[in-house]
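Please have a look at the structure while I go through them.

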Amino acid sequence: MFLSNKKSQSAEFLSIIILILIVSIFALFSKVSLLGSNTQQTVSAIKTMKSTKLSLTANILPRITIGDENIGQALGEEFCYGNETILLQSGQKINITTELRKVLDSIYGKNNWMLRIKKGKYVMPDLYFYVDCSGSTVKTRQKVEAAMAKIAQTKHSKYKIICIGDLTNAVGKYSNASDDLACGRGDVHKKNIETDENWGGAVAFVALNGIPSYNSTTKKYAFNGWNTTHRYILISGDEESCSSCMPLNTTGSQNSVCRNFCLNANLPANCPCYFTDYYCTTGGRWVKRGSMIFSKSFDIGCHGEPGNTTAYTDFAIKRAKENNVSVFFIIPTKIYVNNKTEWLNNVRRLCNETGGQVIDLRNDSMSKKEIVMTLSKLLYRDEETVYITSTYEGPQFQRISENLISYPILISSPCDTGEQENALLMVRG
């Protein structure tokens, strides 16, 4: 907080200006007295005076106080967080650029100086969560959405949940999702597959083509490339990448597993069978309905056979590394995989090798706060170089003189205590 004391500020500014002038005049006369009437040396003495005055100003400027904090601290806040105003205890806001202009105009005169500084602010990117939207991930989506909503509220960002299955008709700038999410990468199965489970292909597609925009007319997502160097993908799935899951009507004469089910149910060996998952037919629960067998195999531990998760993970890592994308994988509250160790190793490898992180929701105690803290690592600082004169503030260099002399100003950086950021004060030479 700052104390509002305009009289003391004015007196301080006046004292500093008088000090600068006294030192400059003393430096000038000291050198001129030794030089006599030599014009060239007199010009050199004037330059020395200006240089002395500039260096003195540059060293004193950060120490000038506004309320109970100095200009250097205020500039450091502006550099780190983009704060352009300081708040007094009275509730009055003071613009730091206005205060700088008062001081420098008093010393050098209007439009005889220019200050180059950096301004920055922390930005939370919009959050896009790509996930298998089947019923098995409802709890996962609810937890993540609550965390994203909290972040969006405090960081003024947007968020959206996108079903991986909805990506299959997306058009990308460099590839189409129908190609990248197509299954068959190292897989041996020929049957129908679940593209909604292909989280590896989804990572590869987004890594190459960037963030989405939704066309309400075509009802399709378009991916027109990345518009930032801070690139990440938030992804989740609860099965093998490119799982196979298709109903299959068969008979005991066509399928040995069906034949065993028929015999166990005291039905003819060639009885008809309806399998809910083609690749999960080697065991598990089944029921007899009339003269047919229905299997209930989603919960028997072979769900997702035989999606080649390792192959799709390799594909995702390759694309992510080529495009400097970090992957954050959210492990759902429950997973349905063939080889849990292999699946988890691939998920961790995907995150570790791309500079991302795993968020494991299998632990019911994982709170919204913990998810928010992890996702907050996506914050990045956006900075720009700004030029300030008596009448201008913006990104364009302003030519105030053909001959400029300059001196650096060291500003403490509160967002990185190990560094000091250089501003540059430039005046007419």
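Let me begin with the lining of the largest pocket, which by class has 7 nonpolar, 6 polar and 1 charged residues, where Ala, Val, Leu, Ile, Met, Phe, Trp, Tyr, Cys and Pro count as nonpolar, Asp, Glu, Lys and Arg as charged, and the others, Gly among them, as polar. Please keep in mind that this is a predicted model, in which local features need pLDDT of at least 70 and side-chain atom pairs count only at pLDDT 80 or more, while totals for chains, interfaces and linings use all residues. Residues are numbered from 1 along each chain as its sequence is written, and side-chain values use heavy atoms, with hydrogens and water left out.

The largest share of that pocket's lining, 6 residues, comes from strand 20, strands being DSSP runs of E with at least two residues and helices runs of H or I with at least four, numbered from the N terminus.

Turning to helix 11 (residues 368-375), Ile371, Val372, Thr374 and Leu375 are buried, meaning under 20% relative accessible area, with exposed over 50% and partly exposed in between, for a 1.4 Å probe and protein chains only. Seen down the axis of helix 11, these buried residues fall within an arc of 165°, so they line one face of the helix; the arc is that of the directions from the helix axis to the C-beta atoms. The face turned away from the buried side of helix 11 carries the exposed residues Lys369 and Met373. The buried residues of helix 11 pack against helix 5 (138-155), strand 11 (231-236), strand 16 (325-331) and strand 17 (357-360), contact meaning heavy atoms within 4.5 Å.
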